[in-house]
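Please keep the sequence and the model in view while following them.

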Protein chains: 2
Amino acid sequence: MTTQQLIEQINLKKSFLCVGLDVDLNKIPQRFLALEDPIFEFNKAIIDATHDLAVAYKPNIAFFEAYGIKGWLSLKKTIDYINENYPEVFTIADAKRGDIGNTSSMYAKAFFEDLNFNSITVAPYMGKDSVEPFLAFEDKHTIMLALTSNEGAFDFQTLNVDGEELYKRVLETSKSWKNSKNLMYVVGATKAEYFTEIRKIVPDSFLLVPGVGAQGGSLSEVCKYGMNANVGLLINSSRGIIYASKEDDFAEKARAEALKIQQEMAAIMQSGN
Amino acid sequence: MTTQQLIEQINLKKSFLCVGLDVDLNKIPQRFLALEDPIFEFNKAIIDATHDLAVAYKPNIAFFEAYGIKGWLSLKKTIDYINENYPEVFTIADAKRGDIGNTSSMYAKAFFEDLNFNSITVAPYMGKDSVEPFLAFEDKHTIMLALTSNEGAFDFQTLNVDGEELYKRVLETSKSWKNSKNLMYVVGATKAEYFTEIRKIVPDSFLLVPGVGAQGGSLSEVCKYGMNANVGLLINSSRGIIYASKEDDFAEKARAEALKIQQEMAAIMQSGN
């Protein structure tokens with residue numbers, strides 16, 4: 001999927017919502033546990049209930065890997081289900097990968113070819129040759145960690161590097177990498193005041209924004225400082241949507257939560273903020 | 001496996017060699033491709049041929065993930081084979097994981113519980129709460145990236161942070177984390193001169209050292225500057241051993257390469273350097 005196609009979907013749905021699929025078997029309705037593939041069936045129900053309100057789904061790979069081969073099968077079924085039924089939706093493998101060149105190439109093969117995701121999240125610590133193998137894929141997107149939403153973000157990401165914070169250096173440096181047009185960045189919503197600075201460095205890039213809702217970030221604040229002419233944001237909500245209810249009405253409640261966010265987004269888009 | 005047990009194995013085998021299992025189907029003898037699980041069968045042959053010369057095996061997770069569910073099955077069979085037949089060997093999931101707390105917990109569950117590895121490699125960019133969930137496991141080890149062996153290491157890891165290089169700050173900060181005794185660090189062999197500085201910060205920690213051989217690092221140089229009283233090093237070789245031959249003698253040739261390194265290590269240990 002090209003960036004232009006993603007922008008078209010955002011305008012069509014009046015939404016820039018990404019639904020995070022972080023399925024914990026302890027948090028889903030207990031009746032699913034009797035099914036052969038509880039994780040896939042739960043995801044399917046969530047996706048069917050929200051696909052017209054969201055422009056992206058973000059399976060959190062750890063939550064599949066934790067169940068071993070069964071989990072990997074659930075992941076494959078989930079991404080195949082989205083690609084077959086809702087090919088207009090942008091898919092993000094939230095995997096935070098990154099390694100030396102030939103190893104990153106193998107990760108890229110895993111997520112872009114074998115699983116056919118549109119994008120993957122990667123970590124920047126190992127630098128250029130750990131990220132470029134992902135960027136080499138045409139019409140795929142590499143979403144690099146810049147400033148994350150967790151407390152540990154302040155351990156290293158905001159350290160002072162020759163007068164500027166490390167995450168800014170990460171953003172700047174990455175712009176010189178081959179095919180950097182395929183880059184997006186992770187920027188946590190819990191730090192809305194940082195978006196102004198970030199937009200000075202990457203005015204046109206899409207930013208994947210976790211931390212709205214459960215982690216305390218404000219949608220309107222993020223939009224105020226982070227939006228660009230093409231919206232340029234994908235706002236993720238995981239727990240707030242998929243665990244809106246633990247009862248049999250979980251899919252309805254998930255839709256209601258997604259609708260609330262989508263309506264807020266539509267209003268923001270209309271006001272041109 | 002405890003650190004003490006690892007040290008005992010090093011002394012018993014007079015070896016601190018780690019064999020990296022980065023199996024690329026294009027590089028193994030073609031007869032394997034006719035088997036049901038070529039990756040596992042190749043790994044098994046390498047392990048059987050080298051287990052008395054190596055103290056650790058390091059499957060590179062990307063090389064399994066690239067083959068999807070089949071790859072994950074090969075990984076499971078490989079780690080199970082080591083644990084059942086050579087439980088004295090230290091196992092490293094080379095996965096470079098790291099995410100917010102509850103996600104890192106799921107990765108820890110995947111590699112420490114489901115797959116039963118002794119250790120995993122992790123990336124530091126997201127800070128304390130992204131690494132501590134791994135450290136919470138007793139008798140498991142978390143091997144954090146400090147200074148890697150690739151060119152991109154110089155993009156961020158050696159940046160000047162308030163007068164010292166970022167990787168040094170990463171090492172120092174990590175010492176204050178909960179259960180930091182379970183930490184080891186990745187330090188590339190291609191930068192042997194850095195080991196003196198690193199040993200000032202983490203004198204007692206084990207260092208996992210890639211980059212000897214194919215990537216150009218020197219074993220004797222690394223030992224000269226990086227060894228401590230318990231050896232404190234795990235020297236990885238992947239391609240130099242597993243692809244020593246592409247013919248039917250690949251296992252013999254792998255053993256011969258491993259033996260050459262082990263003998264060099266025994267000599268270094270004896271000379272107390």
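How much area do chain A and chain B bury between them? In this predicted model, the two chains bury about 4,900 Å² between them, and 64% of it lies on carbon and sulfur atoms. On the side of chain A, the residues that lose the most area to chain B are A:M106, A:Y125 and A:F156, which together account for 18% of what that side buries. In terms of contacts, 55 residues of chain A meet 55 residues of chain B.

The polar side of this interface may be considered next. Between chain A and chain B there are 26 residue pairs in polar contact, with both residues at pLDDT 80 or more. The side of chain A that touches chain B draws its largest share, 8 residues, from helix α5 (residues 101-114) of chain A. Sorted by class, that side of chain A has 27 nonpolar, 13 polar and 15 charged residues. The two chains are also joined by 4 salt bridges. One salt bridge is formed by B:D99 with A:K96, whose closest N and O atoms are 2.8 Å apart.

Attention now turns to a pair of helices within chain A. Two packed helices are described by the angle between their axes and the distance between the axes. For helix α10 (residues 219-226) and helix α12 (residues 250-271) of chain A, the axes come within 11 Å and cross at roughly 35 degrees. The crossing of α10(A) and α12(A) is right-handed. Here A:L219, A:S220 and A:C223 of α10(A) meet A:I261, A:E264, A:M265 and A:I268 of α12(A). By class, this contact has 5 nonpolar, 1 polar and 1 charged residues.

Notes: Residues numbered from 1 in each chain as written. Chains lettered and ligands numbered in written order. Predicted model: local features only at pLDDT ≥ 70, side-chain atom pairs only at ≥ 80, totals over all residues. Heavy atoms only, no water. Contact = heavy atoms within 4.5 Å. Buried area = accessible area lost by both parts, 1.4 Å probe. Salt bridge = Lys/Arg side-chain N within 4 Å of Asp/Glu carboxyl O. Polar contact = N/O pair within 3.5 Å; in protein donor to acceptor, adjacent residues only side chain to side chain. Helix = DSSP H or I, 4+ residues; strand = E, 2+ residues; numbered from the N terminus. Nonpolar A, V, L, I, M, F, W, Y, C, P; charged D, E, K, R; others polar. Axes fitted to C-alpha atoms, helices over the stretch in contact; angles between N-to-C directions. Left-handed = near helix turned anticlockwise from the far one by under 90°.
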